[in-house]
Amino acid sequence: MTREAAHALDLDAYLARIGWSGERRPTVAVLRSVHRAHALGIPFENLDPVLGTVPSLALADLEAKLVRSERGGYCYEHNTLLAAALRALGFEVTLLCARVVLGAGSGDVRPRTHMLMRVGVPGDPTPYLADVGFGAAGSLLEPIPLVAGAELYDTPRRHRLVHTPHDGPLELWELQARAGDEAWQGQYAFTVEPFEAPDFEVINWHIATNPRSPFEHLLYVQRTTPDAHLSLAGRTLVVTAHDGKREERELSDAAETVRVLADTFAIRLPEGARLPE
């Protein structure tokens, strides 16, 4: 038996970490509230690759890092952890992989590198798209029905799912986000082809070690609070209030960055670790 197979998620500890309490039943209401609690409760960060290590996706290691330590993670860590929690609650989970289209230029074709999941609710014919690991202001706060044209007002954000044309045999879905009166903006595109944990082990290694990967050399941290979205890219700190007001400033050095990580994002560096100057 592998170490991963032998480890069962400590559901009590996980739910305490995200501040969720309620009846543990696989219902749509529970799915929505657990998803939102996770999205608000655990920050997005890529400290491990920046510090020169590849994040482990083993459930025991994810529990130690994201649940029992003052840390966060990126999409493979967040969504592997949420998938384990949802399965423990009785949901059906299929891992999917998407191409990020946010920020892509016309004609750009990026590889599939983003983990997300299809969630089935027992007794409900409608599946849901769940994703707590997209490190951007357009990330989902709640799951959205996996139905063409579905719209979600996951306050203060808005999302919708649409089909987009492509050459493959499977329908291509695109998650779009909208802020205020702005136009809908694509976030990522995906099909419902199932991906397995070993697929993400390979993708995770690539993202964490490839010198061309932005996650390998630049710090990215995101956190959503009830009042604002907080973002740190390198040393650029941006606070965007839910009414759209935006404040930006440059941090002075690595020491200030460490303080902001702790005070603003509730993240503490591993013992003995030092950020690059």
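Start by selecting residues 28-41, which form helix α3. Helices here are DSSP runs of H or I with at least four residues, strands are runs of E with at least two, and both are numbered from the N terminus. Helix α3 has 14 residues and spans 20 Å from its first C-alpha to its last, close to the 20 Å expected at 1.5 Å a residue; the expected span is 1.5 Å times one less than the number of residues.

This is a predicted model, in which local features need pLDDT of at least 70 and side-chain atom pairs count only at pLDDT 80 or more, while totals for chains, interfaces and linings use all residues. Residues are numbered from 1 along each chain as its sequence is written, and side-chain values use heavy atoms, leaving out hydrogens and water.

Stay on α3 and show its side chains. The buried ones belong to Val 28, Val 30, Leu 31, Val 34, His 35, Ala 37, His 38 and Ala 39. Buried means under 20% relative accessible area, exposed means over 50%, and partly exposed lies in between, with a 1.4 Å probe and protein chains only. An α-helix has 3.6 residues a turn, so residues three or four places apart point the same way. Contact means heavy atoms within 4.5 Å.

Next, zoom out to the protein chain. Its secondary structure comes to nine helices and 13 strands. The radius of gyration is 18 Å, close to the 19 Å that the globule rule gives for 277 residues, so the chain is as compact as a globular protein of that length. That radius is taken over C-alpha atoms, and the rule is 2.2 Å times the number of residues to the power 0.38. Along the principal axes, the C-alpha atoms fill a box of roughly 50 × 45 × 35 Å. Buried residues make up 48% of the 277. Of the contacts with a separation of 6 or more, 53% are between residues 24 or more positions apart.

Now turn to the aromatic rings. The whole structure has nine aromatic pairs. Rings of Phe, Tyr and Trp (its six-membered ring) pair if their centres lie within 6.5 Å; planes under 30 degrees apart are stacked, over 60 edge-to-face, and the rest tilted. Select Phe 134 and Tyr 188: their ring centres are 5.1 Å apart and their planes meet at 85°, so the pair is edge-to-face. Phe 134 lies in the loop between β4 (128-130) and β5 (144-145) and Tyr 188 in strand β9 (residues 185-190), so the pair ties together parts 54 residues apart in sequence. Phe 134 is buried at 10% relative accessible area, and Tyr 188 is buried at 0%. Then select Phe 44, Tyr 74, Tyr 76, Phe 195, Phe 200, Phe 215 and Tyr 220, which form one aromatic cluster.

Move to the cysteines. The structure holds zero disulfides, a disulfide being a pair of cysteine sulfur atoms within 2.5 Å. The sulfur of Cys 97 is 7.8 Å from the closest cysteine sulfur, in Cys 75, too far for a bond. Cys 75 is buried at 7% relative accessibility, as is Cys 97 at 0%.

Two backbone stops remain. A cis peptide bond, with omega about 10°, joins Thr 155 and Pro 156; Pro 156 lies in the loop between β6 (151-152) and β7 (158-164). Finally, select Ala 266, in the segment after α9 (254-265). Ala 266 has a positive phi of about 60° although it is not a glycine, and it is partly exposed at 34% relative accessibility.
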